[in-house]
Amino acid sequence: MSRVSRERRPTGTSVSASTRRRVGLVVLAVVPLAFLVLFFAWPVLAIIARGFGEGGVSDMLARAQTWQLVGFTLGQAAAATALAVLAGLPLAYVTARLAVPGRGLLRVLVTVPFVLPTVVVGLAFRALFGDGSLAAIVLANAFFNVAVVVRTVGGLWSHLDRRAEDAARALGASRWRAFTSVTLPALRPALGSAAAVVFLFCATSFGVVLVIGGARYRTLETEIYLRTVNLLDLPGAAALSLLQLAAVVAALAVGAAARRRREGALALRSSAETTRPPTGGDWVVLAAAGAVLVGLLVPLVAVVLRSLTTSSGFGLDGYRALTGGGEGGVLRISVVEAALNSVRAAADATVLAMVLGGLAAVVLARTRRAGATQLLDTLMMLPLGVSAVTVGFGYLVTLSALPSGLRDSPVLVPFVQALVITPLVIRIVLPVLRSVDDRLRQAAATLGAGPVRVWLAVDLPMSARSLVTAAGFGFVIALGEFGATSFLVRPETMTLPVAISRLISRPGELNAVAAYAACTMLLVVTALVVAVVERIRVRSDTVGEF
Amino acid sequence: MTLTVRGLTVRYGEVLAVRSVDLSVPDGGVLALLGPSGCGKSTLLRAVAGLEAVARGRVCWDGVDLAGTPVHRRAFGLVFQDGQLFPHRTVAGNVAFGLRMAGADRAVRDARVAELLELVGLAGYERRRVTQLSGGEQQRVALARALAPRPRLLLLDEPLSALDRELRDQLAVDLARVLTETGTTALVVTHDHDEAFTLADQVAVMSEGQIRQVDGPERVWRRPADERVARFLGCSRLVSATVRDGWAESVLGRVRVPGDVPDGAVRLGLRASAVRVTRADRGGGTDVEASGEVLRRVHQRDHVRLLVRVADVGEVQASTPFAGVPEVGERVRLTLDPDAVAVLAG
């Protein structure tokens with residue numbers, strides 16, 4: 001009944017309550033939207049405006065070099081996406097369908113790369129492949145995003161009713177046929193959604209490409225950065241941002257379409273009902289998953305090993321150097337101070353993102369007009385796809401218009417980080433809020449609970465675990481945010497990822513070891529947070545993306 | 001202390017789910033809204049609760065229009081088909097919810113929770129998690145939860161439909177007892193006439209968004225207002241008859257009808273239980289009885305249902321005890337059971 005009544009809203013005229021709730025929702029929506037306009041739309045639009053100026057879009061489009069850049073960007077993103085999907089599928093199957101010991105640990109290990117700071121991932125692959133390797137770029141981007149595939153596809157897979165597959169088997173299909181003809185089509189929305197998101201991340205990947213590719217391999221994203229910082233070619237950078245924006249909007253539209261289909265008529269089951277012990281061909285999949293897992297672990301181990309390797313054998317020199325500002329005074333503050341800056345900024349960003357994302361999720365879950373929901377959803381997702389560099393660059397362009405107090409204030413860093421993680425918060429919390437049966441709220445209302453108390457008594461407790469998940473993931477991603485932050489930090493407020501990139505880009509053996517040591521620290525913190533969040537999630541068995 | 005609904009219309013886009021419905025439930029009365037799925041009965045109930053927007057008409061309590069009263073201020077309890085218990089609360093936490101919203105203090109809440117769990121047969125269940133309860137237990141908790149704040153009116157939306165048959169029959173009796181004991185005024189939506197007759201003292205039969213008949217259970221069963229109501233209540237075939245002095249004469253023989261049926265033309269609604277068969281080769285019976293040929297037979301829980309072809313009438317459903325069931329193809333004699341025949345205006 002609730003399903004029916006959600007889709008077919010009564011169109012009566014005499015209800016003031018519905019007017020009141022509409023006004024309430026609009027008021028709630030205003031806060032995140034205002035933030036979005038001020039700290040996202042304005043900077044990005046400023047970039048777009050510049051892109052149409054002289055030496056802008058028309059100039060850049062005429063250059064063969066631009067199209068090479070576009071080609072390379074899309075090509076490496078496509079390759080990395082394909083790789084991530086292929087590597088992610090066996091892991092998704094194992095985590096979703098097989099009752100094997102250590103699935104919780106497996107999920108933690110798979111998730112860690114996704115929330116790792118890009119700089120760490122870049123350095124990890126540099127430690128393995130050396131500088132300037134194309135294979136390293138593709139592998140690193142794929143490495144980063146395997147978790148997206150495992151979580152999005154595995155999330156749906158674990159809730160798919162297994163009996164459809166059983167029916168196919170009973171009708172004479174082999175396991176492989178049953179998979180390709182029944183399960184795979186059912187997974188297609190999740191696969192499409194995951195692939196679109198991964199492609200987006202790979203195409204706008206910044207830290208990884210910058211650290212590994214250096215000057216040799218450039219994507220649109222790193223080119224924007226280099227043009228801004230090194231060449232001071234603002235119109236050119238703006239034009240490239242514009243180009244990238246177009247690609248991003250297209251990819252987001254594909255992803256949104258896939259998500260819509262996902263929320264359609266799939267028979268979902270509790271995941272506890274869908275796992276079975278492995279048999280026969282499952283062992284092959286398990287072996288493949290094991291191989292992927294080793295591939296995911298190697299770069300992490302390499303970072304740790306490299307942090308312990310000094311010119312005179314193994315040692316803790318790198319860790320000792322963390323209390324200093326690097327060899328030759330590369331940094332104005334010590335690495336430890338940078339780490340503290342990071343924690344402070346990330347904590348502020350998390351609080352801000354929880355408020356903004358929470359409000360947006362509530363509005364999205366409760367709005368009954370499909371059109372308004374879609375519009376708001378897409379708007380709130382935009383920062384996820386628009387390159388952090390474009391946003392950071394936009395801040396630089398619009399900063400001059402801000403009052404000087406705000407322009408130089410360190411609050412801008414948490415603001416831009418909040419912008420990056422708010423979409424994530426929404427994607428984690430929204431599916432849970434949407435899965436709450438509306439009749440539970442109605443039951444609470446008939447028992448005397450007003451709208452606010454309904455929310456406190458039903459929505460809040462039922463989404464509590466997803467809120468913790470969102471806060472945990474949001475925090476570690478803010479901690480590792482590099483692209484936009486690197487535009488905004490000043491030497492005294494430098495964050496850890498920025499400090500790491502400065503250290504690695506300067507000569508000196510000690511700087512390199514210190515950078516790896518700092519990476520190890522980030523790695524450990526990230527892994528710990530993910531492990532805690534995973535424990536909470538596993539117990540709750542919620543339906544969510546990521 | 002009465003619910004009155006006047007000219008109530010609920011619209012989903014172009015579709016009128018509820019069309020200009022009038023009804024009232026007196027203090028302490030239990031009214032069942034009975035009808036096939038999609039007839040608008042649940043929508044009507046939800047509109048009374050304040051959960052659906054009303055396009056036209058009024059829902060009043062004691063003559064006061066509730067249009068401006070939001071759901072949580074109506075003090076109407078609601079029980080859904082599948083409980084909809086709060087999964088993160090214990091049994092006691094669920095039952096006490098309405099009392100907490102009303103600001104009752106802890107001692108009052110605990111006492112009332114214990115009292116209600118006793119009433120629904122779940123004494124001592126306070127600390128259980130609701131996810132560990134069976135469907136029947138969950139429905140009992142849902143009932144206790146709705147009754148705890150002493151609602152002015154209890155709304156039950158298919159309260160037993162999600163349960164197994166055995167459980168349903170038992171819970172229906174328990175539910176009727178609880179409603180009587182507490183003197184609760186209630187509106188219950190159901191598609192099952194047994195359930196409606198067990199629970200309610202008045203039955204409103206709905207179809208296509210309209211109420212076709214409101215009467216006591218027995219009258220609805222025996223004197224359906226029109227063909228649609230008769231068919232919904234199991235009369236698969238209607239035959240014409242003429243009443244004289246309390247007897248109806250039809251091609252299927254003579255049958256006694258209730259005394260208030262006036263002389264003249266009527267239609268008899270035949271449900272399986274109204275048509276009894278005896279084997280044609282056995283003695284007894286009179287020459288005015290009709291006969292037919294058995295086409296099919298289906299064994300049911302406590303009788304055998306037959307499909308019989310009767311000349312001039314067509315196929316008629318009939319029932320017979322297990323002992324001496326006629327074979328398919330056998331000729332049988334038919335008699336009408338006056339307690340199960342429905343009488344409609346001609």
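## Nonpolar cores

A nonpolar core is a set of buried Ala, Val, Leu, Ile, Met, Phe, Trp, Tyr and Cys residues joined through C-beta atoms within 7 Å. In this predicted model, the largest such core has 165 residues. Leu123(A), Val146(A), Val153(A) and Ala518(A) are the residues with the most contacts inside this core. Val153(A) is in contact with Gly88(A), Leu89(A) and Ala92(A), and also with Leu187(A), Ala190(A), Leu191(A) and Ala194(A), when neighbours within four places in sequence are left aside.

As a general background, nonpolar side chains tend to be buried together in soluble globular proteins.

## Confidence

The predictor assigns the complex an ipTM of 0.82 and a pTM of 0.77. For chain B the average pLDDT is 91, and 97% of the residues score at least 70. Where pLDDT is low, the predicted coordinates should not be read in detail.

## Chain B overall

Chain B has 346 residues, of which 47% count as buried. Its secondary structure consists of nine helices and 20 strands. Taken along the principal axes, the C-alpha atoms of chain B fill a box of roughly 75 × 45 × 35 Å.

Contacts in chain B between residues at least 6 apart in sequence include a 66% share that joins residues at least 24 apart.

## The six-stranded sheet

One open sheet of chain B contains six strands in the order β6-β7-β8-β3-β9-β10, with mixed pairing. Its edge strands are β6 (76-79) and β10 (210-215) of chain B, each of which pairs on one side only. On average, neighbouring strands of this sheet are turned by 20° against each other, direction ignored. Within the sheet, β3 (residues 30-34) and β9 (residues 202-207) of chain B pair in the parallel sense over four bridges. Leu34(B) has Val205(B) in β9(B) as its bridge partner.

Helix α5 (residues 135-147) of chain B packs on this sheet and touches β6 and β7 (153-157) of chain B. The direction of α5(B) makes about 170° with that of β6(B).

## Pro151(B)

Pro151(B) lies in the loop between α5 and β7 of chain B. Is this residue buried or exposed? Pro151(B) counts as buried because it has 21 C-beta neighbours inside 10 Å, and the cut-off for burial is 20 or more.

Not counting residues up to four places away in sequence, Pro151(B) touches Ala75(B), Phe76(B), Gly77(B) and Ala146(B). Asp245(B) is 94 residues from Pro151(B) in sequence, and their C-alpha atoms are 49 Å apart in space.

## The five-stranded sheet

Another open sheet of chain B has five strands in the order β13-β12-β11-β14-β20, with antiparallel pairing. The edge strands here are β13 (253-256) and β20 (342-345) of chain B, and each pairs on one side only. Neighbouring strands of this sheet are turned by 40° against each other on average, direction ignored.

Strand β11 (residues 237-244) of chain B pairs with β12 (residues 247-250) of chain B in the antiparallel sense over three bridges. In this part of the chain, Val243(B) has Ala248(B) in β12(B) as its bridge partner.

## Strand β1(B) and its partners

Strand β1(B) is joined to β2 (residues 15-25) of chain B by seven bridges, and the two run antiparallel. The bridge partner of Arg11(B) in β2(B) is Leu16(B). The hairpin of β1(B) and β2(B) has two residues between the strands, and Gly13(B) takes a positive phi near 60° there.

Five bridges join β1(B) to β4 (residues 56-61) of chain B, again in an antiparallel arrangement. Arg6(B) stands opposite Arg58(B) in β4(B).

## Contact between the chains

How many residues does each chain give to the contact? Chain B gives 28 residues and chain A gives 27 residues. On the side of chain B that touches chain A, the elements giving two or more residues are β1 (3-12), α1 (41-49), β6 and α3 (97-101) of chain B. The residues on that side of chain B divide into 18 nonpolar, eight polar and two charged.

Key
Residues are numbered from 1 along each chain as its sequence is written. Chains are lettered from A and ligands numbered from 1 in the order in which they are written. This is a predicted model: local features need pLDDT of at least 70, side-chain atom pairs count only at pLDDT 80 or more; totals for chains, interfaces and linings use all residues. Two strands pair if DSSP finds at least two bridges between them. Axes are lines fitted to C-alpha atoms, for helices over the stretch in contact, and angles run from 0 to 180 degrees between N-to-C directions. Two residues are in contact if their C-beta atoms, placed from the backbone, lie within 7 Å. Ala, Val, Leu, Ile, Met, Phe, Trp, Tyr, Cys and Pro count as nonpolar, Asp, Glu, Lys and Arg as charged, and the others, Gly among them, as polar. A residue is buried if 20 or more other C-beta atoms lie within 10 Å of its own, exposed if 12 or fewer, and partly exposed in between; C-beta atoms are placed from the backbone. pLDDT is the predictor's confidence in each residue, from 0 to 100.
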